[in-house]
Amino acid sequence: MATLELRKVNKTYGPGLPDTLKNIELKIKEGEFLILVGPSGCGKSTLMNCIAGLENITGGEILIDETDISGMSPKDRDIAMVFQSYALYPTMSVRENIEFGLKIRKMAPAAIDEEVSRVAKLLQIEHLLNRKPGQLSGGQQQRVAMGRALARRPKIYLFDEPLSNLDAKLRVEMRTEMKLMHQRLKTTTVYVTHDQIEAMTLGDKVAVMKDGIIQQFGTPKEIYNDPANLFVASFIGSPPMNFIPLRLQRKDGRLIALLDSGQARCELPLSMSDAGLEDREVILGLRPEQIMLAPIEPNGLPTIRAEVQVTEPTGPDTLVFVQLNESKVCCRLAPDVAPQVGETMNLQFDPSKVLLFDAKSGERLGVLGKTQPVERTGNVAQFSRN
Amino acid sequence: MTSLVGKSSISLSRIAIYAVLILVCVLYLVPLVVMLLTSFKTPEDIGTGNLLSWPAVVTAIGWVKAWDTVDGYFWNSIKITVPAVLLSTGIGALNGYVLSMWRFRGSQAFFGLLLFGCFLPFQTVLLPMSFTLGKMGLASTTTGLVFVHVVYGLAFTTLFFRNYYVSVPDALVKAARLDGAGFFTIFAKIILPMSTPIVMVCLIWQFTQIWNDFLFGVVFSSGDSQPITVALNNLVNTSTGVKEYNVDMAAAMIAGLPTLLVYVVAGKYFVRGLTAGAVKG
């Protein structure tokens, strides 16, 4: 168990080539679970390989327990890694796979036996110890790969998309199991994934990456509620956030966004600090679950009537699509209240929850964290169900 | 009705297939049968009967005489082939391991150049090689021939192993490095144990190539250091005395037996190795 800190880490594969990693700054405490998430090619796996020492960094420092390890070879870093392909040694039995690292580190045979049984018991793979990896199912191989990492008791665990080769049902099971495991063992962990649900559910901290740059680093809640830019907002959340490009206006001294459903118009008063926002091309972001059906009794929230174009029942929710301005907007409604296609409904949303992004740069506008009420945990839990 | 027609046409085509196969098989086996039959005949018998007739008297005299003549050269061939096969396979495995899993700047170009060696005709290396052997003091020795075969075989063995290892996931090496294993430990403990099929292919290929080699043998050896292929040629092509076809045939059989044996013993691995795809982790 250890702390991990990255300071201005850079990686390039040669002069003239674009940087694979640019000024990566991260810090996690002992026992924390860090998720690196992003689309493929964003540099997350490279970053993990750099932490493991499988690739060299071209600038910056990687510190474990305040000591710079960036010059050390992988075996001296005291790090264990679980690979997407599991990378089990095919000619060795499960037991030999788990023992391999311990034998190389010259651990006493009795201690090795003890360690193997501890890990096998923990992961419930005792009955598989004498089998070869080729005789195991995907889920079993995954457990063995984890076992190999656990047996070494390293300072830090690295997981490189460990669940992505499993089928959907098993993936969800293993996700829960990994979380349980981490809660029990409390080991510092770095976990790479492109799956935003894994990112939200597993991580203590999440770093969203794109093009070798960390777009945002924070708790899952912060990333979800307070995305730093359009990319983070669009990447995290399923179904994704709705984006409505428009030009902001000022009316009666207040900043407003004008929405048009083709059937009605609505002036959405915005509560964020408005310096320089007037008359600006922005993108308005609104999560599907933040759009509600308006109650019969007026409650003062802005309301707009819109016609339902498509509905997608998912079971727990029904996704209802309407047209607002030029955009198709998804609303997440309870199945029993969701209207049919062609019907009109009155929608409303809390203006204080609306996010604004600059249309050109994609950067968030208004003050981060100020626009968001705090009681949003419910949404996170609800969202992970999907 | 239609099914009957269908059935009969299938069996007809079957018959045709088997007929062709048997014909090809016979054609293929005739030379071997002729050699075997002739080697057990007496010289008089060979003069009177036809090629495919059964020996009037079965005698091993040809074999005994042949063995007396090629005995030393047979062991020369063993002395050349065994070390050359083992060395070229071993170094080829190491080369393939480096070129697929420890790539360095320019390793692709290096591999490309090495591949060039596969397409070099034997004849082009004769002069430079004899120069090199002379400088090394290995001219006309079996050790020199081992060297020649190892160098010439490396292009092939490296190609075999490199292409096999390319399909082995990189993550295996990464995992082993994190487990604390070094370059040679990873090779010996993880990579080599997975390589049985390609090792077999390589061994068979190299054994056949080196054992059957004539050109290098005739150029780079003389007298007592000659391999059996050269000795066989000398025996068969003697222009003095009466032609002893039974001895010639027996000597040819002796020269050919080891490769035949290798195929019989390890042939199934050869096919398996050639068709081995990605290793399931």
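## Contact between chains A and B

In this predicted model, 17 residues of chain B are in contact with 21 residues of chain A. On the chain B side, the elements that supply two or more residues to this contact are helix H7 (170–178) and helix H8 (183–191), and H7(B) provides the largest share, with six residues. Sorted by class, the residues that chain B brings to the contact comprise 10 nonpolar, three polar and four charged.

The scores reported for the model are an ipTM of 0.79 and a pTM of 0.79.

## Chain A

Chain A holds nine helices and 22 strands, and its C-alpha trace spans about 80 × 50 × 35 Å along the principal axes. Of the 386 residues in chain A, 41% are buried.

## Domains of chain B

The domain assignment divides chain B into domain 1 (2–48) and domain 2 (63–275), and the centres of these two domains, taken over C-alpha atoms, are separated by 34 Å. Seven residues of domain 1 of chain B are in contact with eight residues of domain 2 of chain B. On the domain 1 side, helix H1 (2–39) and helix H2 (43–48) of chain B are the elements that give two or more residues, with H1(B) giving the most, three residues. By class, this side of domain 1 of chain B has three nonpolar, three polar and one charged residues.

## Packing of H3 and H9 in chain B

Helix H3 (residues 61–101) and helix H9 (residues 196–212) of chain B pack with their axes 9 Å apart and at an angle of about 145°, and the crossing of H3(B) and H9(B) is right-handed. The residues that H3(B) brings to this contact include Ser77(B), Ile80(B), Ala84(B), Val85(B) and Gly92(B), while those from H9(B) include Val199(B), Leu203(B), Phe207(B), Ile210(B) and Trp211(B). Taken together, the residues of the contact between H3(B) and H9(B) divide into nine nonpolar and six polar, with no charged residue among them.

## Confidence in chain B

The average pLDDT of chain B is 88, and 94% of its residues score at least 70. Over residues 277–281 of chain B, however, pLDDT stays under 50, and for this stretch the model has 15 contacts beyond four places in sequence.

How values were computed. Residues are numbered from 1 along each chain as its sequence is written. Chains are lettered from A and ligands numbered from 1 in the order in which they are written. This is a predicted model: local features need pLDDT of at least 70, side-chain atom pairs count only at pLDDT 80 or more; totals for chains, interfaces and linings use all residues. Helices (H or I, at least four residues) and strands (E, at least two) are DSSP runs, numbered from the N terminus. A residue is buried if 20 or more other C-beta atoms lie within 10 Å of its own, exposed if 12 or fewer, and partly exposed in between; C-beta atoms are placed from the backbone. pLDDT is the predictor's confidence in each residue, from 0 to 100. Two residues are in contact if their C-beta atoms, placed from the backbone, lie within 7 Å. Ala, Val, Leu, Ile, Met, Phe, Trp, Tyr, Cys and Pro count as nonpolar, Asp, Glu, Lys and Arg as charged, and the others, Gly among them, as polar. Axes are lines fitted to C-alpha atoms, for helices over the stretch in contact, and angles run from 0 to 180 degrees between N-to-C directions. A crossing is left-handed if the near helix is turned anticlockwise from the far one by less than a right angle, and right-handed if clockwise. Domain bounds come from an automatic or database domain assignment.
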